[in-house]
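Q: I would like to learn how to read a model of this kind, one feature at a time. Could we go through it together?

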4 protein chains.
Amino acid sequence: MRYGFLGPETTFTHQALLQALAVMPEEFDATAAEMVPFSSVATAAADLLAGDIDALMAPIENSVEGGVSGTLDVLAATDSITIVSEQTVQITFVLAAREDTALDQLTSVSSHPHAQAQVQGWLREQVPGAQIAAASSTAAAARDLAAAEAGEARGRAAVCSPLAAEHFGLAVLAEGIEDYEGATTRFVLVTREGRIPARTGADKSTLVLQLPHDRSGALLEALEILTSNGVNMSRIESRPIGDFLGRYSFSLDIEGHIEDRRVAAALRALHRLCPVVHYLGSYPRIDGRRAEVREDFADHAYDDAREWMQRLTEMITPTDPSTEI
Amino acid sequence: MRYGFLGPETTFTHQALLQALAVMPEEFDATAAEMVPFSSVATAAADLLAGDIDALMAPIENSVEGGVSGTLDVLAATDSITIVSEQTVQITFVLAAREDTALDQLTSVSSHPHAQAQVQGWLREQVPGAQIAAASSTAAAARDLAAAEAGEARGRAAVCSPLAAEHFGLAVLAEGIEDYEGATTRFVLVTREGRIPARTGADKSTLVLQLPHDRSGALLEALEILTSNGVNMSRIESRPIGDFLGRYSFSLDIEGHIEDRRVAAALRALHRLCPVVHYLGSYPRIDGRRAEVREDFADHAYDDAREWMQRLTEMITPTDPSTEI
Amino acid sequence: MRYGFLGPETTFTHQALLQALAVMPEEFDATAAEMVPFSSVATAAADLLAGDIDALMAPIENSVEGGVSGTLDVLAATDSITIVSEQTVQITFVLAAREDTALDQLTSVSSHPHAQAQVQGWLREQVPGAQIAAASSTAAAARDLAAAEAGEARGRAAVCSPLAAEHFGLAVLAEGIEDYEGATTRFVLVTREGRIPARTGADKSTLVLQLPHDRSGALLEALEILTSNGVNMSRIESRPIGDFLGRYSFSLDIEGHIEDRRVAAALRALHRLCPVVHYLGSYPRIDGRRAEVREDFADHAYDDAREWMQRLTEMITPTDPSTEI
Amino acid sequence: MRYGFLGPETTFTHQALLQALAVMPEEFDATAAEMVPFSSVATAAADLLAGDIDALMAPIENSVEGGVSGTLDVLAATDSITIVSEQTVQITFVLAAREDTALDQLTSVSSHPHAQAQVQGWLREQVPGAQIAAASSTAAAARDLAAAEAGEARGRAAVCSPLAAEHFGLAVLAEGIEDYEGATTRFVLVTREGRIPARTGADKSTLVLQLPHDRSGALLEALEILTSNGVNMSRIESRPIGDFLGRYSFSLDIEGHIEDRRVAAALRALHRLCPVVHYLGSYPRIDGRRAEVREDFADHAYDDAREWMQRLTEMITPTDPSTEI
């Protein structure tokens, strides 16, 4: 099995993939997994569809930045890709050096501007004298520092992920150096073949809906469909469809699995309402929290109703074949 | 075939039954139908369930008085009775005598107090000198007048239905004598065997719902179920359940036939919500008006959604047999 | 103060009035109250409007029979009558005689047919040998027995209300003799002058709504108005309007007082939706149960929103006087 | 008056500002307006709040890319900025040169990579032989070409906005050269002082809502508030709040003006529901389309309901001052 991820190595996406492999059922033989870094989700998805890789880990949502457009757009563009699991990674940074060094001995700190923005308060206070140097990624900053000659590395440090420090054998001078803690990114593992993992009772499903554009109140109708089937929504994000101003598709996470009758019933109703419904998969929740389901939304309530209807329709007098159910 | 009706002969219910027989398909051979009057809907229904009669015509709703409790309660009490057709009769009265008579020659007018209440303004103005005599029914008033000796009948008139005047061979002195025109009664023809007539495209279905008593807002949920399946409601009436103050069941007429996917879907959802759903039948609307159905509530929209769901669920990985759909 | 009630004396309505007087605030000097029996709610209401009586106690809802049409129609017909309090009375019967008598010594039991229907099982089992005699009311049965000569009264009993037995000085041979216990009737005390009692925090309000007849789904809209203002409905009953089949008005009890901002907001929205809204009054709940109100439906939430809006509208640039709020 | 815009000069935002000034009422003396380019919306907004500029034109929504995060976040962050008008600009590009030149004479075409992506099909087909050169913006490409010496400019062209070509005195060789036509960007003019333009009857209002995070279904409740006041929503976009995964605020455009009673009523109800409601202003719609308002959502329906409620509340008996409204 070949697993793609948004690289380079030691990114948070890489860490999410390692987490996923660590809990994978034995039959998948995660120890034999090959991990392949990609420079964009779009190119990785193309390779996935082409069969060059078997699965792909990609970021889908960040607690600070919101939905990851690249991933959302790739998922919305095809019916051949299915989400099979999710991971969350807390975004945290370390300050790492070739060897243990006192902070006041540092003369230069390198990192990616994006990461730097998240740690600048800490750097200003803790290593005010050091120069800030830009690298092409936090992984590159760590790798370059690891590869430098001993003399050159003296007095230098890198802002990088804990994984990068470990991967490149760097000493961690300080950890949790981000100015605001708590940023989290959610990642999804997607596969090509349209396999849906069986339900566990603590599942989530992901959809993309395109609403009818000629009907004011269609979003309200869509949400009522969920509510009237006892389905909670844990995420909703808008993305422009691209044709007109004000035209959006919506990416949703809902609680429950397509095997849950209430989820299947809601999906069928959405399919009637919406010109486009992309079902992106049902998969175990990473937090393992089971949905609380009201009695009339339980499987047996749907099954009982179906059997009752079956009995009723048997009473219909057929007049001609075209009216039979 | 033996048809019961709420008697005595020449009641408006009798007229409704005659109307129904007049339009009955040939295979029922309405000319051979036997019509059996009953003194109450409850006794007629008992005979229907016992097999003594084959069908029963009963009033269900009056535009002035509202729901006919006796009929509604009988229908709510059993699952073995099904409505197969409806009739409406405009409630109108005639003034009839043994022979054509000038109004100012009338000395006495007999009728049932209930009917009299509806024509008293007209009588006061048109036959101010006549005495008002009470009869046990308008049919009895007409029958007695027809049976009286010629001398005795002179100067007498009866307030009765047009059917009664015709049936007993009386001369109609004036018609449409009710003070407020437009009162209409709706009747239903019910059968024992649980047969549902095939849909015609202009159908109506009748339900009795008992709502969960522990949930505020359950009536709202029930109505939303109808709306979210594009099902219009043409009648709703409350009836006490009998156990607690404020506990009601609801008798509903909805547009459409149980063969309509949208109606079946709404019924299934109501079955989940409600501890009791009595389905009382689907039958052609007497006014022949076809329902206007939004595209996403049409049969094919439900069928398409079901097929789509079928394809999706085939993708589920079975882990053990108990989780298979 | 003269209080009318649906008579004759010792009816359950009489008892409800006595209950109401017993808890009346001192300033009303209930001891000086005069109680006037009426033979119908309609005639009593006419006297109330004419000023002949000051208030009227009338049954509004029975747990077995449902809404009391006579009272509901009188309340719906005018805006000049307001409900100021409610009472509930458990419908229970006693077997009473002139003096303490063994049941097997009874030869005759008199009562009103309506009451008899509710105790017939008990009578058949406990006094199988006694003859059943009809009286014009249970009050009359008790009164006649009390007035009979001693010899004549021997072996006779009456089925009547506990109040009637007490009022006419009869001995109670057995109490709670109804076959099915638990039937309850709710009564309302109405006044002419349109006074609304101040809120207590445990209040109820009564409305009659006539829905727009050209809009399918109007009942759903009306219920959503209540829900979206956090207002629970504790009773809903349909009554025909009288013009067309299927046209109903709805009589509602809602939790809360017109002084509650959420109730006032819901009423205003109903006033926009409905061609007719009769507000029949706000009054203390007899069960004293206080409504649980979600924080965003509390008075202060409505008041805060109003102040916020006030500040916003002060920012509007007036272009000409006609557009000012 | 000093108007800021997202620069540099000749951007589409610049064009939007010119459009806005062209239709500004006389009292604003648009001819004396000073236009100040800014490199980001955030810095411009800071200058606006500081009083250095009086208004600011900024892009808010693009039909292809969706909401403009920078602008949405600035608007959501303060209550001191109000939208006073909107503009839309169709995103279209021209190919411009120093003087009229045949396409096959071109050896080099310069532009900004973003623009180039939108015209690359056209360039490949129409000027296959020309080299593509990157500029820091389309404005810079046009300006540099205009500033080049005559000899140097020969055979060179720039992809830029129509405004840039005109502004820098270039000859337009081809117009509408974008591969997919129809991309549109919407811009808003914002001011500091919290002034709301009076309603015109064809207005729009913009909000940012933060929903209660402990209540599933809050988005549904928010949309129902709009629907139950007859308020259509023409845009909804999600933006992460930043504290937890799955926590979003929503930026909305609704039809109507805060002076419309139905809009004010909806806003008040949203204020109760939501911990945060940012009202960003009401302003004329650029398309001039007037809202169709159902009779029960018209101003007079709200006003009538308020007067009716006023009369009812006057009937309340005050018991103590604290319960008075």
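Q: How far apart do the end C-alpha atoms of residues 2-192 of chain A lie, and what share of the span is helix and strand?

A: Before the case itself, note that this is a predicted model, in which local features need pLDDT of at least 70 and side-chain atom pairs count only at pLDDT 80 or more, while totals for chains, interfaces and linings use all residues. Residues are numbered from 1 along each chain as its sequence is written, and chains are lettered from A and ligands numbered from 1 in the order in which they are written. Helices (H or I, at least four residues) and strands (E, at least two) are DSSP runs, numbered from the N terminus. In residues 2-192 of chain A the end C-alpha atoms lie 12 Å apart, and the span is 33% helix and 31% strand. An unreviewed UniProt entry annotates these residues as "domain: Prephenate dehydratase", although such annotations may be inferred rather than shown by experiment.

Q: Is strand β3 of chain A mostly covered or open, and with which strands does β3(A) pair?

A: A residue is buried if 20 or more other C-beta atoms, placed from the backbone, lie within 10 Å of its own, and two strands pair if DSSP finds at least two bridges between them. Strand β3 (residues 55-62) of chain A is mostly covered, with seven of its eight residues buried. β3(A) pairs in the parallel sense with β1 (residues 2-6) over three bridges, where G4(A) has L56(A) as its bridge partner. With β11 (residues 184-191) of chain A, β3(A) pairs in the antiparallel sense over seven bridges, and A55(A) stands opposite T191(A) there. β3(A) also pairs in the antiparallel sense with β4 (residues 66-67) over two bridges, and a hairpin of three residues joins β3(A) to β4(A).

Q: How many residues does each of chains C and D give to their contact, and how are these two copies related?

A: Two residues are in contact if their C-beta atoms, placed from the backbone, lie within 7 Å. The contact takes 34 residues from chain C and 35 residues from chain D, and the largest share of the chain C side, eight residues, comes from α10(C).

Technical notes. Buried ≥ 20, exposed ≤ 12 C-beta atoms within 10 Å, placed from the backbone.
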